Amino acid sequence: MYKNVKKKIERGVAFPTCISINNTVCHFSPLASDETVLEEGDILKIDLACHIDGFIAAVAHTHVLQEGPVTGRAADVIAAANTAAEVALRLVRPGKKNKDVTDAIQKVAAAYDCKIVEGVLSHQMKQFVIDANKVVLSVSNPDTRVDDAEFEENEVYAIDIVASTGEGKPKLLDEKQTTIYKRAVDRSYHLKMKASRFIYSEITQNFPIMPFSARALEEKRARLGLVECMNHELLQPYPVLHEKAGDYVAHIKFTVLLMPNGSDRITTHSLQELQPTKTVDDPEIKAWLALGIKTKKKGGGKKKKGKKGAEGEAQAEPMDATNGASTQEQE
């Protein structure tokens, strides 16, 4: 799309593709040597992002590797994550506070007898910045605190929701599974090993700002060089985290633009048919889901031909709280 433009536009991967399986929570992006095989019934969390000229679009989706509808607790956890994401979409709007979203998504997860996973952050995004200052905390607790913030027009957010049938307290089981890193731009250190200097030079040249996968580096040198870079905090790791074996984990992430006439969700993926064991009866959750994401356009601008109704009057798809999918997705 952009190869013929006169000015070179930077573009590419903004977050490496991850496929986290079953009780693995996030960031599983294996090297070529990995021999993991997908099996029928696996719950896959697919997570990725790309950018054009530093403007990032991120998305994550959960898919069960099977034919037919998803049932039981697997359906519960996917419905919990998706319904929480739909509520967040309606509450991330100018004038609202980040803590309003934190409280709401936890309430939604509880309705499905699930937990929102701790430590997952929804970030504001700016040009070439995947994790800007304003943050929405998934779970508020004494160990993890973020500054109170108010959403404003023309901001962009990656809303990141991870739900679990377990405790929602993921653990790092093996540091060797980590393959995704981001350069810590504010750190400097004179590396001692030749392999480390080679790898860090490659990272600085090819991945100066965005997260990257060790797959993109020369593998033998990377193993040696990354260790020294990590020891001196030149790189920020994205560790592979796990819930307990047997727990189900679902992940929904989308990018939303806070426009003057409402919110634009620019990344999404339709769900499989879900048949959860729980239904949402809480009137407050139903009220959140009934909110529109578009507002009527201000002023009396001319209507464009070929469009039905006034511009800006589009409302969000109503949510069916029984299975956590919008009516559009069911169709």
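Reader: Which strands does helix H3 lie across, and at about what angle to S11 does H3 run?
Author: This is a predicted model. In it, H3, residues 194–206, lies across S11, S12 and S13, and runs at about 75° to S11.

Reader: What packs on the sheet besides that, and which strands does H4 touch?
Author: Helix H4, residues 219–231, packs on the sheet and touches S11 and S13. The direction of H4 makes about 105° with that of S13.

Reader: Back to the strands. In what order do the three come?
Author: The order is S12-S11-S13, in an open sheet with antiparallel pairing. Strands S12 (212–213) and S13 (235–238) are the edge strands, each pairing on one side only.

Reader: How many bridges join S11 and S12?
Author: Two bridges, in the antiparallel sense, with S11 covering residues 180–183. Tyr 181 stands opposite Phe 212 in S12.

Reader: Now the helix pair. How do the axes of H3 and H4 cross?
Author: They cross at roughly 85° and come within 8 Å.

Reader: Parallel or perpendicular, then?
Author: Roughly perpendicular: a crossing angle of roughly 85° falls in the 65 to 115 degree range, so H3 and H4 count as roughly perpendicular to each other.

Reader: Which residues meet there?
Author: From H3, Ala 195, Ser 196, Phe 198, Ile 199, Tyr 200 and Ile 203. They meet Arg 221, Ala 222, Leu 224, Gly 225, Leu 226, Glu 228 and Cys 229 in H4.

Reader: And what is that contact by class?
Author: Nine nonpolar, two polar and two charged residues make up the contact of H3 with H4.

Terms used: Residues numbered from 1 in each chain as written. Predicted model: local features only at pLDDT ≥ 70, side-chain atom pairs only at ≥ 80, totals over all residues. Heavy atoms only, no water. Pairing = 2+ DSSP bridges. Helix = DSSP H or I, 4+ residues; strand = E, 2+ residues; numbered from the N terminus. Contact = heavy atoms within 4.5 Å. Axes fitted to C-alpha atoms, helices over the stretch in contact; angles between N-to-C directions. Parallel < 35°, antiparallel > 145°, perpendicular 65-115°, else oblique. Nonpolar A, V, L, I, M, F, W, Y, C, P; charged D, E, K, R; others polar.
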